[in-house]
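User: I am new to reading protein structures. Please take me through this one in short steps.

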Amino acid sequence: MSQVSIYHNPRCSKSRQTLQLLREQGIEPVIIEYLKSPPTPAQLSEILQLLDKQPRDLMRQKEAEYEDNGLDNPSLSREQLIAAMLAYPILIERPIVLANGKAAIGRPPEKVLEIL
């Protein structure tokens, strides 16, 4: 199996559950605390491609930063939305697990088993 990585927020229960599930499978993933170390624009773009999602699909739209920055504006470009996600990484849905050239969002945590 290739390296497994998790974009993790230790304060998020789903993220903690997903990490625990990986460990129960005998996998010790590379843990990326994305609030401290956000992905690069290229990495986030690749994650979106692997998930087959558009930026807004990966955004936590109930976070204050979403409304405060007018991110519901339909005229915003893909690049502008990605830039906002990197400026405010709290907006990135979590946890995201990368494995075997694939990606999955751990909501529910068992969803990540599909890519292992």
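What follows is a set of questions and answers, moving from the whole chain to single residues.

User: What kind of model is this, and how are residues numbered?

Analyst: This is a predicted model, where local features need pLDDT of at least 70, side-chain atom pairs count only at pLDDT 80 or more, and totals for chains, interfaces and linings use all residues. Side-chain values use heavy atoms, without hydrogens and water, and residues are numbered along each chain as its sequence is written, from 1.

User: Why does the radius of gyration of the protein chain agree with a compact globule?

Analyst: The radius of gyration is taken over C-alpha atoms, and the globule rule is 2.2 Å times the number of residues to the power 0.38. For 116 residues, a compact globule would come near 13 Å, and the agreeing value for the protein chain is 14 Å.

User: In what order do the strands of the open sheet lie?

Analyst: Two strands pair if DSSP finds at least two bridges between them. The sheet has 4 strands and mixed pairing, in the order β2-β1-β3-β4. Each edge strand pairs on one side only; the edges are β2 and β4 (102–105).

User: Does β1 pair with β2 in the parallel or the antiparallel sense?

Analyst: Strands of a sheet pair through backbone hydrogen bonds, either parallel or antiparallel. In β2 (residues 30–33), glutamate 33 is the bridge partner of histidine 8. Strands β1 and β2 are joined by 4 bridges, and they run parallel.

User: What is the handedness of the crossover from β1 to β2?

Analyst: View the strands pointing away from you: a crossover is right-handed if the path from the first strand over the helix to the second runs clockwise. Here the chain leaves β1, passes through helix α1 (residues 13–24) and reaches β2. This β-α-β crossover is right-handed.

User: Which residue of β3 is the bridge partner of isoleucine 6?

Analyst: Strands β1 and β3 (residues 96–99) share 3 bridges in the antiparallel sense. The partner of isoleucine 6 in β3 is valine 97.

User: Which residues of β1 point the other way from Ser5 and Tyr7?

Analyst: Strand β1 covers residues 5–8, and its residues are all buried. Buried means under 20% relative accessible area, exposed over 50%, and partly exposed in between (1.4 Å probe, protein chains only). Ser5 and Tyr7 point one way; the other way point Ile6 and His8.

User: Which strands does α1 touch?

Analyst: Contact means heavy atoms within 4.5 Å. Helix α1 packs on the sheet, and the strands touched are β1, β2 and β3.

User: Why does serine 15 count as buried?

Analyst: Serine 15 lies in helix α1. Leaving out residues up to four places away in sequence, serine 15 touches Ile6, Tyr7, His8, Asn9 and Pro95. Serine 15 counts as buried because its relative accessibility is 0%.

User: Is alanine 83 buried or partly exposed?

Analyst: Alanine 83 lies in helix α4. The buried residues of α4 (residues 78–87) are Leu81, Ile82, Ala84, Met85 and Leu86. With a relative accessible area of 43%, alanine 83 is partly exposed.

User: How many Å apart in space are alanine 83 and isoleucine 6?

Analyst: In sequence, alanine 83 and isoleucine 6 are 77 residues apart. From C-alpha to C-alpha, their distance in space is 21 Å.

How values were computed. Helix = DSSP H or I, 4+ residues; strand = E, 2+ residues; numbered from the N terminus. Axes fitted to C-alpha atoms, helices over the stretch in contact; angles between N-to-C directions.
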